[in-house]
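Trainee: I have a structure open and would like to go through it slowly, if you have time. Where do we begin?

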Amino acid sequence: MHSRWLSLIVTAPLLAISFIGPLSVSAVPVAEAHTTRHGVTSSGDFLLVRRDNDHMHMHHGAPLTELNETAIIQWHDPTPPSYWSIDIEDRDPSVARYPGLMALHVIFMTLAFFVALPVGIAMRALKHSWHGLAVVAFYSLCALGCASGTLYTKLTPDMYEGSTHASHGYLVLILSLCLSAVDITRFLVRLYVFIKSRSRFALKPFWQNIVLGRNEVYDVTTKYNGLDAEDPSEFDVAEMKPLRLPETREPLHVRRNQPIAIIQTQDLDDAEDDETEPWVNNSRSSQGAIHYTQSERTVFQANSPRDSRHSDETLHDFKLPGPIEPQAPLTIRICQGAFATLERALVFAAFGMTLSGIVVYTGGCRESYVNGCLAHLIKGGIFWCYGLVTFARYLGSFSELGWAWNISPTGEHVSAEFVESLVIFLYGITNTWMERFGVHSGDPYTTKQVQHISIAVMFWFAGLIGMGIESKRVRRWLAASAVAAVGSAEASEPPSYRGSFNPFPALVIGVTGAAMSAHAQTYLFQVQIHELWGRLLLGFSVLRCFTYFFVWLGPPRSILPSRPPTEALASFFLACGGLVFIFSTEEVTIAAMRKGRDDMMMFLNLAVAITCFAFCWTFCIVAMKGWLKSRSSPRYPLSAP
């Protein structure tokens, strides 16, 4: 299988590029344009007509290569001075300015939300002893950031009237305080029970049981237990001893359909064999022995015979017959999911506040630019965050849910594709109606509105189909005819049922990218940058389909993340495409053309550099959490024997 993945790494991007290449839009240089009366711009032998009251989108002519300032002033007010202009660009030496305070605000808030907060989330999930220190560091950095930002605002004139950056930032801080209140409440309850029990005080038990909450004896309030969204313990009780498979030369597809060998489990307290195999996910001893399938020449059997089975044939060789432990009540699971989602959403909210701060400081997204600016920032930001989450899935995040192209070691969960389809559905069903905001009753639909509403309707119904495909009940309905023909006793699920092969999220994003590559624009640079991020989104779609194709050939049979290399490439295409989407805002492209920065290579390289930096940050956070988990479990070795 290694050779197959290696060849895929080389061929998949080439096939993706060759597939999306014909969709590029060729632009023809034109002569210098001039504006006539009634908003009609002539350029050589063509007329550039303002389409359906939209902002000078090309109708019959080719895109312009140079700015037409007269036409821009017709539809947009001149850009007023901003914090950036008075601090950096057009600074008056005779007036005191304080850009250093703004730099401190940026540094402190970045350290708080992109360093201390993710570390605190990981430590809380593991009930690490330093979790409290991470929380204190987070709020301390937030306090310093707020102080420096407030001081800068007091010493600097208001250059952005109606800014909501500060108020939205305080809402994010209030949400984080509400989540921290859950931990504080649990600590106070444990302390009250300890004092009431009049137990003998000892520092170490008090720290472990009361402060860290590792002993549930003092956690008498189940309603707060339901909000505790720590990760399941994966390495606490049992250890696997795999049975060796007999040597065989049978083809791979034949061996995959044979009965699966099991792995014997034993209590670690009774283990006497020094040759026990390295680490493996396991269950709690109270649930009894759990049988997994075997994988040779991987982390489970480093000394297996070379001729028995190759490691590239055993990537998907572990299977769980059912849930390891009984599911919690529905209410508890909803509380856990809501808490974990809100906790992690703080990081994405911080990214939104970063965009908001950049807009306010540079003075963008005002007056007639606001609608297009919001559309690019929100939609591009969604694709950017989606790309980072996809890369985290590739690294192994959410493997306990089975979202890392593996089999969940903790039982049945909704699939990642269901969540993707749900988000796509919610976006489509809301954006369908939002496209007409601000329009008077009876106004005709413009070409631009029809374009965007059509895309939203596609999101709506494609997301609905995607959710239906992921429903196990709907799957049973779809298979009812076949089962009725032979009887349920003779019907068995095919191997492909172990994974989710739902193409509709990828289809929606790919069609969106293809459509936006052909989006009409006024200037050639705007056409090129839209074409760029459209290709990147379409590349994600193609690579995700490659992932489904190869995983279909070998469905996941392991509790370990399989890390398809196509997903690493797809996540990069998606995140980079979302960032270029943000860069393609009309105001940004016009500013780049005014300053002679309308260079496609510069924009692409900048997006790639920022994406690589963000991927490195994601890698460090995921690796740090795994390192902490390995240290917190004495039965999880840090290195292979």
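Mentor: Let us begin with a definition for helix pairs: axes are lines fitted to C-alpha atoms, for helices over the stretch in contact, and angles run from 0 to 180 degrees between N-to-C directions. Helices themselves (H or I, at least four residues) are DSSP runs, numbered from the N terminus. Keep in mind that this is a predicted model, in which local features need pLDDT of at least 70 and side-chain atom pairs count only at pLDDT 80 or more, while totals for chains, interfaces and linings use all residues. Residues are numbered from 1 along each chain as its sequence is written, and side-chain values use heavy atoms, with hydrogens and water left out.

Trainee: OK, so how do α13 and α16 lie relative to each other?

Mentor: The axes of helix α13 (residues 447–470) and helix α16 (residues 504–517) come within 9 Å and cross at roughly 165 degrees. Angles under 35 degrees count as roughly parallel, over 145 as roughly antiparallel, 65 to 115 as roughly perpendicular and the rest as oblique, and α13 and α16 are therefore roughly antiparallel to each other.

Trainee: And at what angle do α17 and α19 cross?

Mentor: For helix α17 (residues 524–553) and helix α19 (residues 586–594), the axes cross at roughly 125 degrees and come within 10 Å. That angle makes α17 oblique to α19.

Trainee: Switching to charges, how many salt bridges does the structure hold?

Mentor: It holds 9 salt bridges, where a salt bridge is a side-chain nitrogen of Lys or Arg within 4 Å of a carboxyl oxygen of Asp or Glu. One of them joins Glu343 and Arg124, whose closest N and O atoms are 4.0 Å apart. Glu343 lies in helix α10 (residues 330–362) and Arg124 in helix α4, so this pair ties together parts that are 219 residues apart in sequence.

Trainee: Is that pair buried or exposed?

Mentor: Both Glu343 and Arg124 are buried, a word that means under 20% relative accessible area, with exposed being over 50% and partly exposed in between (1.4 Å probe, protein chains only). Glu343 also forms a salt bridge with Arg344, with 3.5 Å between the closest N and O atoms, and Arg344 is partly exposed at a relative accessible area of 24%.

Trainee: Now the loops: which loop holds Glu367?

Mentor: Glu367 lies in the loop between α10 and α11, where it has a positive phi of about 55 degrees although it is not a glycine. Glu367 is exposed, with a relative accessible area of 59%.

Trainee: What about Arg563, and where is it found?

Mentor: Arg563 is in the loop between α17 and α18 (565–583), and its phi is near 50 degrees, a positive value in a residue other than glycine. At 40% relative accessibility, Arg563 counts as partly exposed.

Trainee: One last thing: how far from His128 is Ser632?

Mentor: The C-alpha atoms of Ser632 and His128 are separated by 7.7 Å, although the two are 504 residues apart along the chain. Ser632 lies in helix α20 (residues 600–632).

Notes. Helix = DSSP H or I, 4+ residues; strand = E, 2+ residues; numbered from the N terminus.
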